[in-house]
Structures are given as C-alpha cells and as structure tokens.
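Morning, everyone. Please have a look at the chain on the screen, and then I'll walk you through a few spots.

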Amino acid sequence: MRVLLTNNTLAGRAGSELYVRDLALALLRRGHSPVAYSTNLGEVARELRTATVPVVDDLDDIGAVPDIIHGHHHLDTMTALLHFDRTPAIYFCHGWVPWEEAPPPRSPRIFRYIAVDDTCRDRLVFQHGIPEERVQVLLNFVDLERFQPRTPLPERPAKALVFSNYLNDSNGTSVIREACRELGITLDVIGLGSGNTCVAPETVLHGYDLVFGKGRAALEALAVGTAIIVCDAAGLGGMVTVDNLA
C-alpha cells in the first residue's frame, strides 16, 4: 500500500515529527510504501531518507497516486487532499493546544478522525463538531524493539533525567534540580527546550532511575523500566504507579 504521511514540519525532533518517522519506518518494515510530505524539512526528513523513505516538500514530485493519506495538521492534510483529489484519508489529532491542529480539516474523503488521547477526542467532538461516530481514540505507541527493559531499579534513585521538549530552567527544571540536589540525586536534562536534543533516547534511558516527562517521553521511559514522575511546563501529574497507569 502506498501511504502518504503529512506533517507541518519534518525538521526538529518533536512529537508529531517523530510519530511520522516511527510510523513510516514501521510501514516500511511491513512491506508498504510510505512517502512523507512537509514544506519544512530538516533533521527528521534526512533520517527518513537515510532509511529509504521518500520525503518531498512538493507534491508534484510524487509520480504515483497514494492509496491513502495519513494526515497530520490541517494545512498539510488539506493540501494533500486537494492535490490527490480521489484519495481517501484519515486524520490524526495530536494535541489540545497547537494551532496546527485547529480546526481539523473537513472533507467527505476523511473517513476517520483519530485522537491520540481522550483530550484530543474531546477537542474534535466538542470543540470542532466532528461527529462522534467518526472519531476513534488510538493511544500513542512505543517501539518495544528499541526501548528494551533495564536492570531492576535500586532501592533509592541516584540518577534522574528531565526528558522533555518543553521544560527548561525558566518553567520548571530549576525546581526539579533543587529537589534532586536536596535528595542527593544527580539530574540531567535532554530535549528541545534545554537545547540538548537526543537522537537515540533508547540508548541513554537505561542509565537513569527516575525520569520527569509526559506523553511519549513518559511512555518510552516506562517501557525501559525507570520510575516516572509525570510533569511538564504545564504542571505536575505525580508518579506513575501500577494502580494509576491507565
């Protein structure tokens, strides 16, 4: 199957960019033919091309009609729908806040709207009027071949990690750093917000006992087996336990 994936950018290593990358690579492994489209290309686009996934910033460069459009973000999805005027589509909503998600595109060829969590579902149904029967929740995933379990955790954490594209010293990291210092815990920070991006987090998470993060960052750390305190610039969600995991 030829799958056209759209995103407003394939430059920095942020949430939907990495979602498109992981999805495209998974489709490729299963024998499909993914193609990624964005008008803003960069690091993630180069990574996809290295993996033999075609990436374009002009839909005229695609010489075969895709079988389906896997749309992310309004403008990019609608551009693809108008260019390939008979191709069916699904549309993914990844967030409550981003302007790129609002309003969701409307087309009789979008047969399903997918929300990555219940909050995004509420945005689609109750804020933008998408009929409930056309919306499905499909939670974020983790590549368990990449994120392998670590050794058992120690009795007390010795090393902690802020794993976030949003946290920095001006909106929360300094508070976490001070709390860790008082408890004798070493703290490192990775993510766009701190200017310290990590190309392969699966190779470094094993070295930490405690991770501060949300969303896919928290899920990836959980897959490795670290303790997780859910937090980000918006606030604190608390520690993940067996009882509250869902």
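Helix 6, residues 215–224, lies across strand 8, strand 10 and strand 11, and runs at about 175 degrees to strand 11. This is a predicted model: local features need pLDDT of at least 70, side-chain atom pairs count only at pLDDT 80 or more, and totals for chains, interfaces and linings use all residues. Residues are numbered from 1 along each chain as its sequence is written, and side-chain values use heavy atoms, with hydrogens and water left out.

Some terms. Helices (H or I, at least four residues) and strands (E, at least two) are DSSP runs, numbered from the N terminus. Angles run from 0 to 180 degrees between N-to-C directions, with axes fitted to C-alpha atoms, for helices over the stretch in contact.

Five strands form an open sheet, ordered 9-8-10-11-12, with mixed pairing (at least two DSSP bridges between two strands). Strand 9 (186–190) and strand 12 (235–239) are the edges; each pairs on one side only. Strand 8 (159–163) and strand 10 (210–213) pair in the parallel sense, over three bridges. A160 has L210 as its bridge partner in strand 10. Helix 5 (173–182) packs on the sheet too, touching strands 8, 9, 10 and 11 (contact: heavy atoms within 4.5 Å).

Next, N8. Where is N8 found? N8 is in the loop between strand 1 (2–6) and helix 1 (15–29).

Last, R134. R134 sits in the loop between helix 4 (118–127) and strand 7 (135–137). R134 is partly exposed, at 26%.

Methods:
Buried < 20%, exposed > 50% of the residue type's maximum accessible area, 1.4 Å probe, protein only.
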